[in-house]
Amino acid sequence: MAKPAKTFRPKARVPKGLRDVAAPQVRAEAEMLAKIRAVYESYGFDPLETSAFEYADALGKFLPDEDRPNEGVFSFQDDDEQWLSLRYDLTAPLARFVAENYDGLPKPFRRYQSGPVWRNEKPGPGRFRQFTQFDADIVGAPVIAADAEMCMMGADVLEALGIPRGDYRIRVNNRKVLDGLLETIGISADAEDRTHMTVLRSIDKFDKLGRRGVELLLGDGRKDESGDFTKGAGLKAEQISVVLDYVESGLALADADRAAVLDGWRKVVGTSAIGIEGIDELAEMDALFSAAGYGTDRIEFNSWIVRGLGYYTGPVFEAELLMEAKDEKGNAVRFGSVGSGGRYDGLIERFKGIKVPATGFSVGVSRLQAALALLPGANDDKQSDVVVVLALDAANMAGYQAMTRELRAGGMRAEIYLGGSGMKAQMKYADRRGAPVAVIEGEDERAAGQVTLKDLILGTEVSREITDNAEWRESQAAQITVPRADMVEAVKVILARHGLLKTDGLHRS
RNA sequence: GCAGCCAUAGCUCAGCUGGUUAGAGCGCUAGAUUGUGGAUCUAGAGGUCCCCUGUUCGAACCAGGGUGGCUGUACCA
C-alpha cells in the first residue's frame with residue numbers, strides 16, 4: 001500500500017535576527033536617511049558606495065590561528081576557494097577603497113555612505129543581524145579639528161532628526177587618556193594584552209553596572225542575575241581605586257564644565273606622557289567646541305566611553321539619547337548609543353604600510369529609528385492618501401482605468417480595486433487600505449454621467465454617532481454625487497479637507 | 001558562548017493530580033442588508049498542542065535529547 005507522497009512544504013519564516021519592514025517604517029527610514037544625508041552634504045562630504053561583501057582578509061576579520069574568518073561575520077567561499085565576508089561595518093570597506101585608490105583621491109578625502117551591514121551575533125530587542133548604518137569619514141586628516149568637526153556634526157544630525165537639544169548628548173573621550181591611565185597603574189599599553197582589554201571593557205560598563213559592578217569586574221569577577229559568573233581583571237585594590245578615581249573624577253561635572261573634567265583627569269594620569277597627550281587633544285577640541293558655541297548641553301567629556309577595542313587610536317565619541325521611553329509593556333527602556341565614531345589612524349596602514357590618519361562618525365540608523373518609534377506620538381496612525389476606484393462592472397474596466405489615470409495625472413495616488421469580489425468587499429478593502437476616498441461608478445451613475453465619491457474619513461466620524469444599521473445605510477454617510485467631468489476636482493476638494501492633497505512633488509507621509 | 005525561564009488557533013491566552021470529539025476572547029470569511037466600509041446578531045473556516053525518542057493500557061500534560069523564543073551576561077569591529 002503506497003502512501004500518498006507528502007508534498008514538502010517549507011516553513012514560511014524570516015531567519016532569526018532578520019525582519020521584514022512594512023511601509024510606514026520603510027518611509028520613516030528613507031526620510032531619516034534623507035535628513036542625515038543633507039547634514040553630511042552640507043559639511044562637504046561626497047557619497048560613495050562600496051559592495052556588500054569583501055574578501056575576508058580585506059575586512060581584517062581572519063582568526064589568527066585558523067584559516068577561516070571570524071564567527072561574528074557571515075562568510076562563504078568563492079568558487080576559487082577564497083573567503084568572502086558580508087561587511088560588518090562601513091569603515092573597513094572604506095579603508096580598502098582608500099588603499100586601493102589612494103593615489104587618485106584628494107587628501108583629505110571626505111565621503112559618506114549608508115547601507116545595510118551584517119553581523120552574526122545573538123539578536124536582541126532592537127538588535128538585528130542586519131541593520132543600517134550611515135557613516136561620514138575624513139581620511140588623511142591628522143588634525144584634531146577633524147575629530148571636533150565629527151562631534152559637532154553628530155550633534156547637528158540628531159537635531160536635524162528632530163531630537164531636541166538636551167534630549168541627546170555627544171559623549172567624548174580619548175583612547176590616549178585611557179592608555180595613560182593603564183600606564184600609571186602599570187598595565188601593558190599593548191591593546192592585545194588580556195588585562196588591558198578586560199580593564200577597558202570594565203570601564204565601558206560603568207554606565208550599565210555602576211561603581212560596584214565595575215569594581216567587581218576589575219577585581220575577582222562578578223555574578224550576574226542569572227547566576228552566571230564573569231571573570232574579572234584581577235587588579236589589586238590600589239589599582240582598582242585609581243581606575244575608579246579616574247572614572248568618577250569629574251563625573252559630577254560632566255555636563256557642566258568640560259575643562260574641569262580634564263583637570264580631574266590630569267590629576268590621575270598626569271604622570272603618563274600618552275595620557276597628557278590625550279588630555280591636550282581634548283583640550284583643543286574643547287576650545288573648538290566652545291568657539292563654535294557647542295556647550296555641554298550638546299557635547300560632554302565622559303570617562304566611561306571606550307568604544308570597541310579594534311582600531312580606535314585617539315578621540316572616541318558616542319551619541320546617546322537621554323530621554324525616557326516606555327516599551328509596549330510599559331517598562332522603561334534605555335536607548336543606548338545611536339551613533340559613534342572616533343579616530344582610527346592605523347586602519348589603512350594594514351594595506352599600504354604607511355600611516356593614514358582618519359576619523360569618522362557613524363549613525364546607527366536602525367537603532368535610532370527603533371528608539372524614536374518608542375517616543376510618545378511616534379506611532380500615531382498616518383492617514384493613507386491612496387484613492388480607491390471601485391470596479392463594479394467588469395465590462396467597464398477601461399472606464400475605471402481612465403478615471404484612475406485622470407486622478408494620477410491630477411497629482412494624486414490612485415488605484416483600481418483589482419480583486420474579484422463584490423461591492424461590499426470592495427468598500428471593505430478601501431477601508432482596510434486606509435483610503436480617504438472611494439470612487440463609485442455603477443450602472444446608475446454611468447447612465448447619468450455621474451460618479452459617487454465617498455469620503456471615508458468623514459464616514460468614520462459619522463458612524464460613531466449612528467448605532468442603527470438602517471440609519472447608517474440610508475444616510476449614505478458622507479458621500480456626494482458629482483458629474484463625471486468634475487471627478488478630479490471633487491476628489492481634490494475632499495483630500496484637501498483632510499490635509500492630504502500633495503502640494504509638492506514629494507510624497508507626504 | 002554561558003546561565004535562567006518559556007513553547008497550545010493568525011494574535012493574547014485557558015486546559016484540574018496523565019483519561020474520549022482540545023477551548024475562550026479578539027481577528028478572519030460569509031449571511032441578515034435588493035448597490036455601500038462602521039455597530040449589532042447569526043453561521044463558518046482555522047490546530048502534527050514546537051520536533052524526536054522513551055515511560056504508560058492511555059501523553060498537550062511525565063522523562064531524555066533537539067529546535068525556536070524571551071531575559072540576564074559575555075562578545076560587539
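**Exercise 1.** Describe how helix α6 packs against helix α7 in this predicted model.

Solution. Step 1: locate the helices, which are DSSP runs (H or I, at least four residues) numbered from the N terminus. Helix α6 covers residues 194-204 and helix α7 residues 206-218.
Step 1: The angle is about 145° and the axes are 7 Å apart; axes are lines fitted to C-alpha atoms over the stretch in contact, with angles from 0 to 180 degrees between N-to-C directions.
Step 2: list the residues in contact (heavy atoms within 4.5 Å). Helix α6 supplies Val199, Ser202, Ile203 and Asp204, and α7 supplies Phe206, Asp207, Val214, Leu217 and Leu218.

Residues are numbered from 1 along each chain as its sequence is written. In this predicted model, local features need pLDDT of at least 70, and side-chain atom pairs count only at pLDDT 80 or more.

**Exercise 2.** Find the partners of strand β18.

Solution. Step 1: strands are DSSP runs (E, at least two residues), and two of them pair if DSSP finds at least two bridges between them.
Step 1: strand β16 (residues 386-389) runs parallel to β18, joined by 2 bridges. Val388 has Ala438 as its bridge partner.
Step 2: strand β19 (residues 450-455) pairs with β18 in the antiparallel sense over 4 bridges. Here Thr452 stands opposite Ile440.

**Exercise 3.** Is Asp455 buried or exposed, and which side chain does its own side chain meet in a polar contact?

Solution. Step 1: Asp455 lies in strand β19. With a relative accessible area of 1%, Asp455 is buried (under 20%; exposed is over 50%, partly exposed in between, with a 1.4 Å probe and protein chains only).
Step 1: the side chains of Asp455 and His498 form a polar contact of 2.9 Å (a pair of N or O atoms within 3.5 Å, one able to donate a hydrogen and the other to accept it; residues adjacent in sequence count only if both atoms are side-chain atoms).

Conventions
Chains lettered and ligands numbered in written order. Heavy atoms only, no water.
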